[in-house]
Amino acid sequence: MIAVTAAAMQGSVVPARDTYGLLPRGTSPWMYAVFAAFAAVFVIGVVRRLRPLGVPTLLRQAEGGVAAGLRRLVTLVLLQSRVARRARGWSHAAIFIAFLILTLGTALVALDWDALRPLGLRVLRGPFYLGYEAVLDAAGVAFLAGTLAALVRRLLRGGRDPRRAHREYVALLAALLYLGGTGFLLEGLRLALRPVPWGGWSFVGAWIAGLVHPLATSGAAGTVYVALWWSHAIVAFGLIAALPYSVFLHALTVPLNVVATSGRPKPALEAPFDLRELMASGEFDVQAGVSRVSDLEAHLRLALLACTNCGRCDEACSAVQMGTALSPRRLVQSLRRDLLADEPADDLLAGPLSEAELWACTTCAACVEACPVLVRPADLIVPFRRELVARNRLDGRQSEMLGNLGRGLNPYGLSAAERASVTRALQLPSPAQAPDADYLYWIGCAGAYDARIRSVVAAAVEVFRAGGLTVSALGEEEACTGDAARRLGEEGLFQQLALQNIETLQRYGVKRIVTHCAHCFNTLKNEYPRFGGTFDVVHHSQLIAELARSGRLPPAASAAGRVTFHDACYVGRYNRVFDSPREVLGAVAGLQLVEMERSRERSLCCGAGGANYWYDAPKREKAGAIRVREAQATGARTVVCECPFCIKMLEDAAAGAPGAEVQVRDVAEVVASALSDRHAADRGGQDAGAVAIHAGEGP
């Protein structure tokens, strides 16, 4: 084939695209006229769907900046990186990437024949044209394979979607299959009717040309070609026109959403109001929650239109695995259908949304990490929770927790004196007594009021002191950060607590804060800056890792053996702190860290987030029980945590779990215990044989 082509190019015939050679004269203007009609339908649909969202503004305000948004567009959309994570995602990736190549190829035909040829210029000629033919044939094969696989899978499984949407998907996939098939058939007919020396570069077309050669010798071949060409063109134009009106709308909205939205969970919720402004104006009549889809922020409505209904969110969701009423996929699709409806519901809380599914969310963001198009279901759920709170549609435990926060500034409903008892027992000075302390230790409500978590506080203080750090604590002046109130939907109470804590911290001139609670960590670090409280906040695993890295911790060894680590959602997924706790564990001699099947950004939520620790959403099984089984599967006898609520949930599950006994400990407890063992060995004149804790050391 190459030799024949080279010979042809050395002679008078140069390979070039024969675009309208088998079509009647005047086909091009008619084709563009027909296309213009379909394009008008497309534009009207796009304007109708996207104009209310203010897309230009959303793109200008892209999270992380426009440049970051464009990088996400390349990796997530053009390269289909998240889609390809799942084995069966290959078909979508093949369809999309091949479709882009084929569309570009069609655009080059228009440029070559209709724009450049009248000027005496050509693009599709010579070696470039030969490569073009080979690439488009390869893309066509991938397109057909992906489309056929998607269509067969949808027909076999019947589809998760309502019947109408399922029929739409089937029809549109069948149309895509028709496009790919007729494209190759047209190429084969062209090569059979007008053979050229370089025809072998269109390897699929050349093969089909051999199959249809008998037809090419008949008088009807030309008529068949023209009819097939027009049917191919009209189906292609029809698909373009149908995009804004069909289930394939996501082909337009996904790129926009990916540019506008960060690929990571958003650590801070959006504030529907600022309590400081309300207090200054004296006007408190504001709407915090939503009951209609039109009340959602524009970027959330764009996300609804971007959802592809792939179900990856459900696969990652702990609420789904627990057997609760929540399905993130179903919830998002319900809101999407309402957004696209001619008559949207006036009150979604009267249906199709249920209170049970809204309360079941743990706001763990596993769905966000899994979503290939960056939809954030929790950001859609919290606004509706706020409306439920405004309507006082709370159960007894939820009301009790909020009442305790309002009266006693902690969800337990206990006296502030309990906080002071902890600081006294550990001899922690106040910021007034120790203004030059390295850090203020934010002990948190669980650390003050839960006997089990007090041991974590004691261990953390022991490690800090072993590393030569001085820490202070607020004692009675510390109030709950308000995370549970905010995630539950009580925005006003959250802001009251936040403003009170910010005022206290600023009064003492606090700059650096360390906390062991994942929720306190995220709230102080990411939620408080919106209300004027900007501090240098670190998680205790980060601080211990820094002490280890700098060589400030003495040698330590542990007899714990094999351990596994559970990533807390609000430390790991939300704040991308994955390495610090592992660095610490890997540096303690005697520990062997083994990972669970789901770890780091894929870690399974313990079930306590989203204020779920403070009430009981109906479920088939607790998330902690699932997580304990995953830990047992590693062969580890100890699960190391970094959040008090993870400890409580996993310990509760481990107590009744069948199989090997599993111990649950905080990372600070592991290090403190290792240090104590070494000190005891030293006092006994024994050589523990430990290695110094420093970065990169360990098994």
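This is a predicted model: local features need pLDDT of at least 70, side-chain atom pairs count only at pLDDT 80 or more; totals for chains, interfaces and linings use all residues.

Biologist: Which residues that line the second largest cavity lie nearest its centre?

Modeller: The second largest cavity has a volume of about 110 Å³. Its lining is made up of 16 residues. Those nearest the centre are C307, C310, C313, C371 and V375.

Biologist: Which element gives the most to the lining of the second largest cavity?

Modeller: Two elements give two or more residues to this lining, namely α14 (312–316) and α16 (328–340). By class, the lining has 11 nonpolar, three polar and two charged residues. The element that gives the most, with three residues, is α16.

Biologist: What is the volume of the largest cavity?

Modeller: The structure holds eight cavities of 30 Å³ or more. The largest of them is lined by 21 residues, and D483, C517, H519, W614 and F645 are the closest to its centre. The volume of this largest cavity is about 210 Å³.

Biologist: How many residues does α22 give to the lining of the largest cavity?

Modeller: At least two residues of that lining come from each of α22 (444–449), α24 (483–488), α26 (518–527) and α30 (644–655). Among the contributors to the lining, α22 gives the most, and its number of residues is four.

Biologist: How many residues in the lining of the largest cavity are charged?

Modeller: The lining residues divide by class into nonpolar, polar and charged.

Biologist: Are α2 and α10 roughly parallel or roughly antiparallel?

Modeller: The axes of α2 (residues 27–50) and α10 (residues 221–242) come within 8 Å and cross at roughly 20°. Because angles under 35 degrees count as roughly parallel, the relation of α2 to α10 is roughly parallel.

Biologist: Is the crossing of α2 and α10 left-handed or right-handed?

Modeller: In the contact, T27, W30, M31, V34, F35, F38, V41 and F42 of α2 meet W229, W230, I234, F237, G238, I240 and A241 of α10. By class, this contact has 13 nonpolar, two polar and no charged residues. The crossing of the two helices is right-handed.

Notes:
Residues are numbered from 1 along each chain as its sequence is written. Side-chain values use heavy atoms; hydrogens and water are left out. On a 1 Å grid over the protein atoms alone, a cavity is a set of points where a 1.4 Å probe fits but cannot get out, and a pocket is an open set with protein on both sides within 12 Å along at least five of seven lines; lining residues have an atom within 4 Å of a point. Grid points are joined across faces, edges and corners, and a volume is the space filled by probe spheres set on the points. Ala, Val, Leu, Ile, Met, Phe, Trp, Tyr, Cys and Pro count as nonpolar, Asp, Glu, Lys and Arg as charged, and the others, Gly among them, as polar. Axes are lines fitted to C-alpha atoms, for helices over the stretch in contact, and angles run from 0 to 180 degrees between N-to-C directions. Angles under 35 degrees count as roughly parallel, over 145 as roughly antiparallel, 65 to 115 as roughly perpendicular and the rest as oblique. A crossing is left-handed if the near helix is turned anticlockwise from the far one by less than a right angle, and right-handed if clockwise. Contact means heavy atoms within 4.5 Å.
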